Amino acid sequence: PLADGFYTIATASASGQQIDDGFSAYLDANPNIMMENPTNGFDQVWEFVQGEDGYYTIFKSTTRDSVMAIANGVIKPLGNLELAPYDSLHTNPHQRWQLVPEGSSYRIISKFSGLSLEAQQSPSGPIANVRQAYWSSFLRQEWIINETQGPGTTVLSLHHPVERQTRLYP
């Protein structure tokens, strides 16, 4: 299993894009989690915490109030991923994730739907949605999870002006 800590999540496909909180791309108006080119910013750092049941809660790195979740708790293919308020009682399985090793990468599977995370192909540019889909062995469904800087460190973002940046758990 992956140790609790801070990580970036990049697609195993050639693009190398990372899962992004989605706010920088849409000026804080879009709750969907997106794929975007690496920024070395808070927007692409996630905190993984494994529960006793083996499933992970994946927090936005700058707060324990928001987590990665299936949008509107919908069990269907192609449902988007979003940031949602954290359910500390773990009663929302759409906020819980299983990591399945696939060689040097992982599949990230929703406890709620049993579907895999997938980077949606974007014909119009570098930004695309992250959604759930049936497993099909595409590289856009495999994820490279890399440990990164954790609490108390300053991470600079190319997307956010310095006055909007904060420290991780000062």
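The structure, a predicted model, holds 2 aromatic pairs, where rings of Phe, Tyr and Trp (its six-membered ring) pair if their centres lie within 6.5 Å, and where planes under 30 degrees apart count as stacked, over 60 as edge-to-face and the rest as tilted. The rings of Tyr7 and Phe48 have centres 5.2 Å apart and planes at 75°, so this pair is edge-to-face. Because Tyr7 lies in strand 1 (residues 5-11) and Phe48 in strand 4 (residues 46-50), the pair ties together parts that are 41 residues apart in sequence; strands are DSSP runs (E, at least two residues), numbered from the N terminus. Phe48 also forms an edge-to-face pair with Tyr56, at 6.0 Å centre to centre and 70° between the planes, and Tyr7, Phe48 and Tyr56 form one aromatic cluster. Both Tyr7 and Phe48 are buried, as are both Phe48 and Tyr56, buried meaning under 20% relative accessible area (1.4 Å probe, protein chains only).

Phe48 is also among the residues with the most contacts inside the largest nonpolar core, which has 23 residues, the others being Ile9, Ile19, Trp46 and Met68; such a core is a set of buried Ala, Val, Leu, Ile, Met, Phe, Trp, Tyr and Cys residues joined through side-chain atoms within 4.5 Å.

The charged end of Arg107 sits over the ring of Trp135, 4.1 Å from its centre, the criterion being NZ of Lys or CZ of Arg within 6 Å of the ring centre and within 35 degrees of the ring normal.

Residues are numbered from 1 along each chain as its sequence is written, and side-chain values use heavy atoms, with hydrogens and water left out. In this predicted model, local features need pLDDT of at least 70 and side-chain atom pairs count only at pLDDT 80 or more, whereas totals for chains, interfaces and linings use all residues.

Note on methods
Buried means under 20% relative accessible area, exposed over 50%, partly exposed in between (1.4 Å probe, protein chains only). Helices (H or I, at least four residues) and strands (E, at least two) are DSSP runs, numbered from the N terminus.
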